[in-house]
Amino acid sequence: MTKIILLFLALVVFDQRDKILHYINPPPDYAALHDGKVILYATSWCGYCKKARQFLDQNKIPYFEYDIEKSEEGKRQHRALGGSGVPVLLVNGSVIKGYSPSEILANL
């Protein structure tokens, strides 16, 4: 029984590792460098990045965008936030990986 509980606990920790690491080592406050609560790390060709832009514009949410293929600073910040794909959004200090309107609104 103890082995099953330990296995379950290990799976939960593995599944929640991003949240645990975020709690232990919070991301830098890159939003302080810009006039918005939202920073979008994206590329010009990404369909989900386009959807994220449209969502932010339609909801009149001010944001600053880095094209991680054209901006070395954007690429550096994207990596520091644990980005491995696009889009990545930094919303009030919370990192959102992928296009998720509900998470964006929940973190505003």
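1. Helix 3 (residues 47-58) has twelve residues and should span 16 Å at 1.5 Å a residue; its end C-alpha atoms lie 16 Å apart, which agrees. The expected span is 1.5 Å times one less than the number of residues. Helices (H or I, at least four residues) and strands (E, at least two) are DSSP runs numbered from the N terminus.

2. The model is a predicted one, in which local features need pLDDT of at least 70 and side-chain atom pairs count only at pLDDT 80 or more, while totals for chains, interfaces and linings use all residues. Residues are numbered from 1 along each chain as its sequence is written, and side-chain values use heavy atoms, with hydrogens and water left out.

3. Which residues of helix 3 are buried? They are Cys49, Ala52, Arg53, Phe55 and Leu56. Seen down the helix axis, the buried residues fall within an arc of 165°, so they line one face of helix 3. That arc is taken over the directions from the helix axis to the C-beta atoms. Lys50 and Gln58 are exposed and sit on the face turned away from the buried side. Buried means under 20% relative accessible area, exposed over 50%, and partly exposed in between (1.4 Å probe, protein chains only).

4. The cover over the buried residues of helix 3 includes strand 1 (38-42), strand 2 (63-67), strand 3 (88-91) and helix 5 (101-107). Contact here means heavy atoms within 4.5 Å.

5. The sheet is open and has four strands in the order 2-1-3-4, with mixed pairing. Strand 2 and strand 4 (94-97) are at the edges with a single partner strand each, so one side of each is left without a neighbour in the sheet. From one strand to the next the twist averages 20°. Strands 3 and 4 pair in the antiparallel sense over four bridges; two strands count as paired if DSSP finds at least two bridges between them. Within this pair, Leu89 has Ile96 of strand 4 as its bridge partner. Helix 3 packs on the sheet, touching strands 1, 2 and 3, and its direction makes about 160° with that of strand 1. Axes are lines fitted to C-alpha atoms, for helices over the stretch in contact, and angles run from 0 to 180 degrees between N-to-C directions.

6. Some backbone values deserve a check. The peptide bond joining Val86 and Pro87 is cis, with omega about -5°; Pro87 is in the loop between helix 4 (72-80) and strand 3. Asn92 is in the loop between strand 3 and strand 4 and is partly exposed, at 41%.

7. How many salt bridges does the structure hold? There are three, each defined as a side-chain nitrogen of Lys or Arg within 4 Å of a carboxyl oxygen of Asp or Glu. Arg53 pairs with Glu65, with the closest N and O atoms 2.9 Å apart. Arg53 is in helix 3 and Glu65 in strand 2, so the pair ties together parts twelve residues apart in sequence. Arg53 counts as buried at 18% relative accessibility, whereas Glu65 is partly exposed at 29%.

8. Arg76 and Glu73 form a salt bridge with closest N and O atoms 2.6 Å apart.
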